[in-house]
Amino acid sequence: MTHETTPVIDINNLTRRFDSKTALASVTLSLPRGGVYGLVGTNGAGKTTLIKHILGLLKAQTGSVRVFGLDPVDDPVGVLSRIGYLSEENDLPGWMRVDELIRYSRAFHPAWDDDYAEELRQSFALDPAAKIRNLSKGQKARVGILIALAYRPDLLVLDEPSSGLDPIVRRDILGAIIRTIAHEGRTVLFSSHLLEEVEQVADHVTMIDHGKVVLSAPLADIREAHRVDGRIPSLDEIFIARVGVSPATAVEV
Amino acid sequence: MIVLAAIKLVVIVRGIPIYLDSAESFAFVVVVPLTATFTYFLAMFTFGLDGDLAARQSMFPARRLTLPVTTTALAGWPMIYGSATIGLLWLATRAFALWPSGFAIPTIWPALLAVSLLAWTQALTWMPYPLPGLRIVVVVVWLSAIDAIVLLALTFHARELLMVAIIAPQIPLAYVVARLAVARARRGDVPDWRGAFASLARVGHTDARAGRHFSSPAAAQTWFEWRRHGWSLPTWVAIVLPFELVLLWVVGASRSLLLTILVGIFLTPPFIATFAAAAVSKSNSDRGDSNGVAPFVATRPLSSTELVAAKLKMAIGSTVVAWLLVLITVPIALKLSGTSALVLDTWHHVRVFMGMPRAVVLLLLILAGCIAATWTQLVQGLFIGLTGRASLIKASVFLVLGFFVLFGPFLDWITDSGRLGVVWSALPLIFGVLVAAKMTAAVWIGLRLYGKRLLKDRTLVAGAASWCVAVFALYGVLVWMLDTPHIPHYLLMLVAILTIPLVRVSAAPVALSWNRHR
């Protein structure tokens with residue numbers, strides 16, 4: 001298998017349990033290079049657990065995880081240096097100023113593009129002297145996008161990036177995804193329970209429920225397969241048909 | 001305290017006598033366990049283990065501020081629980097540690113003093129402050145003032161009633177201040193005087209922005225760690241040092257008092273480092289309620305070893321700055337206080353007694369030992385803290401407390417039962433067992449580092465070689481210094497092996513890796 005044909009993410013039979021709760025059950029997933037992959041599911045479905053395995057923050061109990069052909073636990077440097085990650089928690093260090101965070105993040109990525117970072121900073125209207133802890137949630141998300149994008153990563157992982165954000169910030173995030181895929185061969189994995197967002201940008205959708213992959217296919221194929229009387233249903237409707245509940249309204253018990 | 005009580009009961013049931021007539025045995029049996037437990041309770045009931053002491057914001061946990069209870073209840077209950085626990089701690093110490101010595105130790109006012117110190121610490125740590133770091137200054141000054149008043153009263157042999165009259169009113173006052181502090185924290189009322197220092201801040205900011213790019217990811221991570229924790233130790237040393245240096249002005253011609261003060265000063269950085277280490281060794285210092293590695297740090301494209309190396313380098317920098325403070329201010333204070341002549345005279349005596357080369361080496365050895373101990377204190381807890389396992393961390397705290405509790409009575413028992421000679425004879429065996437344990441642990445850690453590819457082969461070999469060089473260097477110095485037939489050379493080798501840190505520091509990357517990839 002050549003470098004070009006190696007899947008960006010290759011997960012085989014991954015199972016994860018937290019005490020008695022099965023968070024992931026025999027998940028198998030393969031994401032080739034290029035395109036936007038939407039990972040959708042209700043809260044607690046296993047999306048973040050899956051992403052944590054991809055980042056090497058969780059070790060596979062059974063099964064295997066390969067990112068760029070590497071094990072993210074054995075070779076965190078090789079994997080993480082090629083991933084841009086925006087976490088749901090957005091735990092950027094509050095004591096840093098925006099310019100300090102940019103300078104710090106720059107050190108880890110030789111491909112960091114100063115001009116691009118500055119362009120993003122200006123378009124997001126971020127004050128370089130502002131402390132991260134003093135920024136609003138939306139501004140923090142923008143800073144997170146900036147440092148995840150400025151080195152043009154091979155894989156951009158966004159874990160519920162729009163959660164709790166206003167429409168303008170969500171637009172910026174979707175814009176970031178579009179910018180990333182504008183560069184040929186780059187890949188985006190975008191987890192969300194807001195299916196209308198996923199629908200706007202994803203080429204391929206993976207639905208996950210109670211730790212199991214219930215559907216994984218190109219978006220166009222999913223729509224076509226669920227066509228009823230000539231009408232193409234929305235992704236939300238398809239999800240309800242498959243899982244029985246809308247991810248946007250489901251509440252984890 | 002339960003452990004202490006159990007030991008005490010065993011000791012009494014078996015009829016083993018404990019004499020509290022010397023300062024040492026009193027310290028070992030009463031003061032050290034009491035202080036260690038009191039300090040832990042102080043940190044626990046002020047939520048100091050979770051918060052940032054240097055921050056402007058209140059250290060009261062933010063998530064509790066939204067609980068549907070009145071501010072009085074919110075502030076009051078932790079204070080009541082704390083007061084009851086601290087009061088019981090004293091009463092238990094009074095009952096289990098001192099009984100049946102027959103010592104005339106007062107019961108009421110020490111308990112009130114402990115409660116008052118806790119209440120004030122709670123009030124002052126929960127208060128929002130207008131400047132970063134101001135909390136530390138206020139707490140230290142205020143608690144020192146209370147201590148000074150009490151010590152003054154004791155000096156003049158104040159009666160228990162007077163002591164109670166001095167201390168008791170402070171407790172409700174502290175409660176009122178604590179309620180005010182929590183109320184302000186609830187309102188998000190954090191005064192900000194940083195504007196007054198804006199010009200200074202702007203200078204600093206310009207420097208930072210003008211700063212060049214980091215030479216490597218490791219350099220960036222070291223900067224990150226330095227900004228997070230690097231100033232804690234030097235700041236604390238800078239706060240405590242003036243109080244100690246002032247004592248040089250009251251020494252007079254007392255050589256023993258002067259030496260005691262100097263020993264105290266030189267032990268200050270390693271002592272403070274034990275407390276500063278709590279923050280350094282936390283795997284997620286930005287979120288006190290979480291022991292896991294923060295995703296921001298965990299997703300840095302650095303190996304776990306490089307992440308730990310950044311902490312070790314930061315600790316070196318922190319130690320150097322703290323010791324520069326000590327080494328610059330002490331000679332100045334000695335000169336200004338007029339005690340330098342006494343120091344030089346003492347030095348002259350040591351020189352005559354030992355000879356110039358040995359005296360110089362001894363001095364350098366003590367200094368190097370204190371500096372190394374400071375660094376070691378900062379980093380030796382990493383292998384526990386970085387595991388992120390709350391049960392392990394708590395167990396280690398109890399183990400240390402248990403050690404303090406056990407060590408005193410054990411040492412006292414050895415001394416008083418005339419078994420010192422037996423212990424001295426068994427020293428080679430004891431050290432031999434400890435060395436065997438240390439080397440076994442080192443081999444296990446080395447295999448883990450190699451097996452998990454946490455260290456490159458070359459680094460592993462270089463590290464082991466450096467450790468061997470350090471051991472042989474120390475051994476050489478010890479052999480030269482202690483050239484006596486009473487101490488066999490192999491014993492000095494065992495001492496050198498036990499002294500140079502190996503296992504705990506090298507276990508830190510394994511601990512972090514375990515935590516980072518759960």
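Q: Buried means under 20% relative accessible area, exposed over 50%, and partly exposed in between (1.4 Å probe, protein chains only). Into which of these classes does B:Leu362 fall?

A: The relative accessibility of B:Leu362 is 27%, so this residue counts as partly exposed. This is a predicted model, in which local features need pLDDT of at least 70, side-chain atom pairs count only at pLDDT 80 or more, and totals for chains, interfaces and linings use all residues. Side-chain values use heavy atoms, leaving out hydrogens and water; residues are numbered from 1 along each chain as its sequence is written, and chains are lettered from A and ligands numbered from 1 in the order in which they are written.

Q: Where does B:Leu362 lie, and with which residues is B:Leu362 in contact beyond its neighbours within four places in sequence?

A: Helices (H or I, at least four residues) and strands (E, at least two) are DSSP runs, numbered from the N terminus. B:Leu362 belongs to helix H15 of chain B, residues 356-379. With those neighbours set aside, B:Leu362 is in contact (heavy atoms within 4.5 Å) with B:Met354 and B:Met481. Between B:Leu362 and B:Val350 there are twelve residues in sequence and 9.8 Å in space, C-alpha to C-alpha.

Q: In which sense does E6(A) pair with E5(A) and with E7(A)?

A: Two strands pair if DSSP finds at least two bridges between them. E6(A) pairs in the parallel sense with strand E5 of chain A (residues 83-86) over four bridges; here A:Leu86 has A:Leu158 of E6(A) as its bridge partner. The pairing of E6(A) with strand E7 of chain A (residues 187-192) is also in the parallel sense, over five bridges, and A:Leu156 faces A:Val188 of E7(A).

Q: In what order do the six strands of the open sheet in chain A run, and which are the edge strands?

A: The order of this open sheet is E5-E6-E7-E3-E8-E9 in chain A, with mixed pairing. E5 and strand E9 of chain A (212-218) are the edge strands, each pairing on one side only. Strand E3 of chain A (residues 35-40) runs parallel to strand E8 of chain A (residues 204-209), joined by four bridges; A:Gly38 has A:Val205 in E8(A) as its bridge partner.
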